[in-house]
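The following report goes through the backbone, the fold and the packing of the model shown here.

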Amino acid sequence: MTGTTTPARSAKPHQRSRKTHRRLTAAFTYLFLTAAGVLFMFPLYWQVATSLKTVQQTLTYPPVWIPSPPQWGNYLELLDRFPMFQYIGNSTFISLAVITGTLLSCSMAAYGFARLRMPGRDLIFVVLLATLMLPGMVTLIPQFVMFQRLHWTNTFYPLIVPAFFGSALYIFMLRQFFMTIPVELEDAARMDGAGYFRIYAQIVMPLAKPALITVAILSFVATWNDFFGPLIYLSDNEKYTVAVALRYLQGSVRTRPENHLLMAAATISIIPPLVIFFIAQREFMQGVVVSGVKG
Amino acid sequence: MAESERQYNHPRDDHNPRPRLRERQREAIACALFITPAVIGFLIFTLVPLGISGYLSFTNFNLANTPALVGLANYREMFTDDLWWKSVQVTLVYALSVVPLWIITSLALALIMNQNLPAIRLYRTVFYLPAVLSGVAISMLWVWLLNYQTGLVNQLLKMIGIKGPNWLGDYNWALRSIIIMSVWSVGWYLPIWLSGLQAIPTELFEAVTVDGGNWWTRLRHVTLPLLSPVILYNLVVNIIWATQLFTEPLMMTNGGPRFATQTYMLYTYRNAFQYNKMGLASAMAWVLFVAVLALTFLAFKSSSMWVYYEGERKRG
């Protein structure tokens, strides 16, 4: 490499070899990441591809790589045989209700913990945070009994109502954000005679929009994907969320070769979280970094 | 709007609603009101249930009866139950294989991606994507991919002349299959590592390079020590998280074959909601709870031995 350079430009060879080295590193990086990326994406491609095949095409060897012509009718058949829109509606309703409850209760608590002084406040906060380490199973059985006594099983209440009473993770995230808002704004408002609730509602909340969006997104995806709660509390088919409906579909069509329909259902179920992820990727990952906990 | 103008024009003391209370007391009351929903939620949905499930673990509760105390019977039943021990083993094998796999793979990916190259963020999206998907959808997909006869994995293996195992149907392969599948959602860690890596001051790397250190020296003496608090945190959180594995074994193998994938959570769930042994299930949940507490305590206790905290530099 250095042989072609003239003696007059003796400073260059070193630079040039470093440049070549950097380029080589970059090339290997891209090559490796692309290969790994294809490997990561292929299962998803296969899911969508299978959903567009005929039954025959899903069973042949060698595999049919690209379904042609794509069987869009599979989706119609699925919608015809199972009330997918009902399931999607249920999941959407529950998710929106949970987002509303979470944003209200968690932002209020976070504001209290971040800004208002009260004896014992920090101790309460630490105790709340400690619940993040708690395995859900240890509180689940009494919760179940409680909801059963209230005749709330087989309704959406057990899935929605707790969201109105705060969630340690989101309280923590919002508190972290509230602490970064300059306190001078609130002091000025207080000088003008604004009460604490006014300051919270009209100053802090508008400023905290990015953090609120992050919480809304994380709680949407967590609720949409939640399996355990709906599995335990919902028993009527028409009340199923998308997640439990998938399990029901898998159980009901298992004996027949209908993987193309199962993959169509799985594809429909992942569209909402994926769309949100693509729109709000930055907020999403920010939330993961702050919380360090998977949704 | 009108109200705010009115308040603005009046001297502050005139409309103080409670002149008797001093500012500090008012603030404390406001704070209490703001955190009340969360505190009530903590009491109703966490603290009280925690106590009740502790109590239930000493009873014969089965959802239909009035719980009667049975002493340590549930704990005795649990510790003499082969299936319980099996579920402990399955859960430990899963957690201890999958967490190191997650951490090492994602850290390696993050180190590769932590370069100032165009379009590198695109890869972050690609690797992160599976982590957004629901466990149910992922399980369904992998049941299909790992199908013994017609699954893609075995078809690909067949092309290169290998007869693939019956992934989910074979006693020895079922848990391994779930572990392999879990690695797919490894990208979830990337943002955490990348933000940690970007926080490392570049002067430190330069200092090592000037001293003639190669990439391994930089990794060993700069990157890993500075990331060690993040590693510790991830280790603890994810071991706890891995002990809760439920959806995948329920969906993919239903705990089988011959209980090879019946995790602790799955077995607890079955005792509670299929066999109605709520007392026994409460005891199982409490044992898990205590184990998790002990693990967390140990991890943080041992952290001074291997975790490097920024503040310590001054002392050293």
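## Backbone and packing

H151(A) sits in the loop between α6 (137–149) and α7 (157–160) of chain A, where helices (H or I, at least four residues) and strands (E, at least two) are DSSP runs, numbered from the N terminus. This is a predicted model, in which local features need pLDDT of at least 70 and side-chain atom pairs count only at pLDDT 80 or more, while totals for chains, interfaces and linings use all residues. Residues are numbered from 1 along each chain as its sequence is written, and chains are lettered from A and ligands numbered from 1 in the order in which they are written.

Most residues other than glycine have a negative phi, and most peptide bonds are trans. The table gives the exceptions described here.

| Site | Feature | Value |
|---|---|---|
| H151(A) | positive phi | near 60° |
| N154(A) | positive phi | about 65° |
| S68(A) to P69(A) | cis peptide bond, omega | near -5° |
| G256(B) to P257(B) | cis peptide bond, omega | near -15° |

N154(A) is also found in the loop between α6 and α7 of chain A. A residue is buried if 20 or more other C-beta atoms lie within 10 Å of its own, exposed if 12 or fewer, and partly exposed in between, with C-beta atoms placed from the backbone. H151(A), with 9 other C-beta atoms within 10 Å, is therefore exposed, and N154(A), with 14 C-beta neighbours inside 10 Å, counts as partly exposed.

Chain A has 15 helices and 0 strands. Its radius of gyration, taken over C-alpha atoms, is 26 Å, well over the 19 Å that the globule rule gives for 295 residues, so chain A is more spread out than a compact globule; the rule is 2.2 Å times the number of residues to the power 0.38. The C-alpha trace of chain A spans about 75 × 70 × 35 Å along its principal axes, and 40% of the 295 residues of chain A count as buried.

Two residues are in contact if their C-beta atoms, placed from the backbone, lie within 7 Å. On that basis 73 residues of chain A are in contact with 77 residues of chain B. On the side of chain A that touches chain B, the largest share, 11 residues, comes from helix α1 (residues 12–51) of chain A.

Leaving aside residues up to four places away in sequence, L246(A) touches A265(A), A266(A) and S269(A) together with V136(B), A137(B) and M140(B).

A265(A) also takes part in the contact between α3(A) and α14(A), which is made by N74(A), Y75(A), E77(A) and L78(A) of the former helix and H260(A), L261(A), A264(A) and A265(A) of the latter.
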